[in-house]
Amino acid sequence: MISRLSGTLLEKQPPQIVIDVHGVGYEVDVSMQTLYSLPAIGSTVQLYTQLIVREDAHLLFGFAERDERAAFRQLLKVSGIGAKTALGILSAMSVAELAQAVAQEDVKRLSSAPGIGKKTAERMVLELRGKLAGGDGLPAVAAAAEGGSEDVVGALLALGYSEREARAAAKDLPAGTETGEGVRLALRKLLKSQ
């Protein structure tokens, strides 16, 4: 699995870019949200990636932010949505807008994305409800950026805490807290509550 690429941006041919990583040029499909956030050609760039392996191709998708990649992965789990359609959805709306549309069951807004009809939009609402949003209605990864980290939650889950306990403990962590420190603070909080 290729999780992240860091290298020199060589080409921008929407929706694809080419990144040189130590002499190897990786062709990466990106959303318009990511494309607009990229620096000039020749600059160093870092993208979070998702590799899709098919019978006839290996496709690499890149995202400027982890939350966009997480939303992409959730969209792929929705019946009837493939990688190109998921990328189109993330080009048409930000992760926060997608989470809000799902939370508000805004089928009209969801069906405005390319390749999404009313039935697929309704399926998105059903299958994504609670998966893009944290308890406060913000995208889970946006909530992580404002406090709890998904890495901290994952570590707490691995230690045997329930998802509810892990998210509650990671919720109020200071922004920018590193994972190790976040786990330590969250564990301290969990131990105090017992």
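Colleague: In what order do the strands of the closed barrel run?

Modeller: The five strands of the closed barrel run 1-2-3-5-4, with mixed pairing, where a pair needs at least two DSSP bridges between two strands and strands are DSSP E runs of at least two residues, numbered from the N terminus. This is a predicted model, in which local features need pLDDT of at least 70 and side-chain atom pairs count only at pLDDT 80 or more, while totals for chains, interfaces and linings use all residues. Residues are numbered from 1 along each chain as its sequence is written, and side-chain values use heavy atoms, with hydrogens and water left out.

Colleague: And how many bridges join strand 1 to strand 4?

Modeller: Strand 1 (residues 4–13) and strand 4 (residues 44–53) run antiparallel and are joined by five bridges; in strand 4, V45 is the bridge partner of G7.

Colleague: Switching to helices, where do helix 9 and helix 10 meet?

Modeller: E165, A168 and A169 of helix 9 meet A186, K189 and L190 of helix 10, contact being heavy atoms within 4.5 Å and helices being DSSP H or I runs of at least four residues.

Colleague: At what angle do their axes cross?

Modeller: The axes of helix 9 (residues 163–171) and helix 10 (residues 179–193) come within 8 Å and cross at roughly 115°, with axes fitted to C-alpha atoms over the stretch in contact and angles running from 0 to 180 degrees between N-to-C directions. That makes helix 9 roughly perpendicular to helix 10, a label covering 65 to 115 degrees, whereas under 35 counts as roughly parallel, over 145 as roughly antiparallel and the rest as oblique.
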